[in-house]
Amino acid sequence: MANLNPYLTFLGNCEDAFNFYKTVFKTEFSFIVRFRDMPPQEGVKLSEADKNKIMHISIPINDSTTLMGSDAAGDWGQKTTVGNNITLSLNVDSKSEADSFFKALSNGGKVSMPMENTFWGDYFGMCTDKFNINWMVNFEQEPQP
């Protein structure tokens with residue numbers, strides 16, 4: 001079965017964001033490479049500022065999910081616009097785990113829906129973290145048929 005691994009693109013603060021996510025998920029980087037590490041390419045001139053930016057980074061969340069990301073490339077790469085076009089849905093194993101992740105993710109960010117029991121039976125909340133990434137945290141209290 002295929003796994004869905006979210007990939008986030010940042011405007012220069014990817015390393016800060018992933019250092020934050022390391023503390024939330026209590027994990028370590030499984031891979032990190034900077035733009036300065038890529039071989040020379042025709043038409044690509046890295047500025048000094050771009051050389052230290054993250055080309056790819058990843059951290060394991062559990063045995064089947066990895067959170068991955070990068071900084072937006074310089075003038076030679078695809079343009080990135082920060083918006084509300086991505087929300088990461090985190091499904092957890094307990095109400096206490098939901099509260100713990102939600103508290104950590106919303107710290108310094110904005111809560112759009114606090115953790116609460118929902119009409120569909122789950123314990124659920126939504127927030128935007130301090131890096132403008134939208135999160136949904138969900139604990140399925142009673143498995144659906």
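**Entry 1: Asp50**

I began with Asp50, which counts as buried at 10% relative accessibility. I note here that the structure is a predicted model. Asp50 is placed in helix α2. I then looked up its contacts, leaving aside the neighbours within four places in sequence, and found Phe35 and Gly74.

**Entry 2: the cysteines**

How many disulfides are there? The count comes to zero. Cys14 is in no disulfide, and the nearest cysteine sulfur to it, that of Cys127, is 18 Å away. A disulfide would need the two sulfur atoms to be within 2.5 Å. I recorded the accessibility of both residues: Cys14 is buried, with a relative accessible area of 0%, and Cys127 also counts as buried, at 2%.

**Entry 3: helix α3**

I checked the span of helix α3, which has twelve residues (residues 95-106). At 1.5 Å a residue the helix should span 16 Å, and its end C-alpha atoms are 16 Å apart, so the two values agree.

Which residues of α3 are buried? They are Ala98, Phe101, Phe102, Leu105 and Ser106. These residues cover an arc of only 115° around the axis, which means that they lie on the same side of α3.

I then looked up what the buried residues of α3 pack against, and the list is α1 (14-25), β5 (87-92), β6 (110-117), β7 (123-128) and β8 (134-139). Just after α3, Gly108 takes a positive phi of about 85°.

**Entry 4: the nonpolar core**

I looked up the largest nonpolar core, which has 28 residues. Those with the most contacts inside this core are Phe10, Phe18, Tyr21, Phe25, Leu105 and Trp135. At least two residues of the core are supplied by each of β1 (7-10), α1, β3 (54-60), β5, α3, β7 and β8. Helix α1 gives the most, with seven residues.

Leaving aside neighbours within four places in sequence, the contacts of Tyr21 include Phe10, Leu105 and Trp135, together with Leu8, Ile59 and Leu67.

**Entry 5: strand β4**

Finally, I asked how many residues of strand β4 (residues 66-71) are buried. Five of its six residues are buried, so β4 is largely enclosed by the rest of the structure.

I recorded how β4 pairs with two strands. With β1 the pairing is parallel, over four bridges, and Leu8 stands opposite Gly69 in β4. With β3 the pairing is antiparallel, also over four bridges, and Ile59 stands opposite Leu67 in β4. I noted as well that β3 and β4 form a hairpin, with five residues between them.

Note on methods
Residues are numbered from 1 along each chain as its sequence is written. This is a predicted model: local features need pLDDT of at least 70, side-chain atom pairs count only at pLDDT 80 or more; totals for chains, interfaces and linings use all residues. Side-chain values use heavy atoms; hydrogens and water are left out. Buried means under 20% relative accessible area, exposed over 50%, partly exposed in between (1.4 Å probe, protein chains only). Contact means heavy atoms within 4.5 Å. The expected span of a helix is 1.5 Å times one less than its number of residues. The arc is that of the directions from the helix axis to the C-beta atoms. A nonpolar core is a set of buried Ala, Val, Leu, Ile, Met, Phe, Trp, Tyr and Cys residues joined through side-chain atoms within 4.5 Å. Two strands pair if DSSP finds at least two bridges between them.
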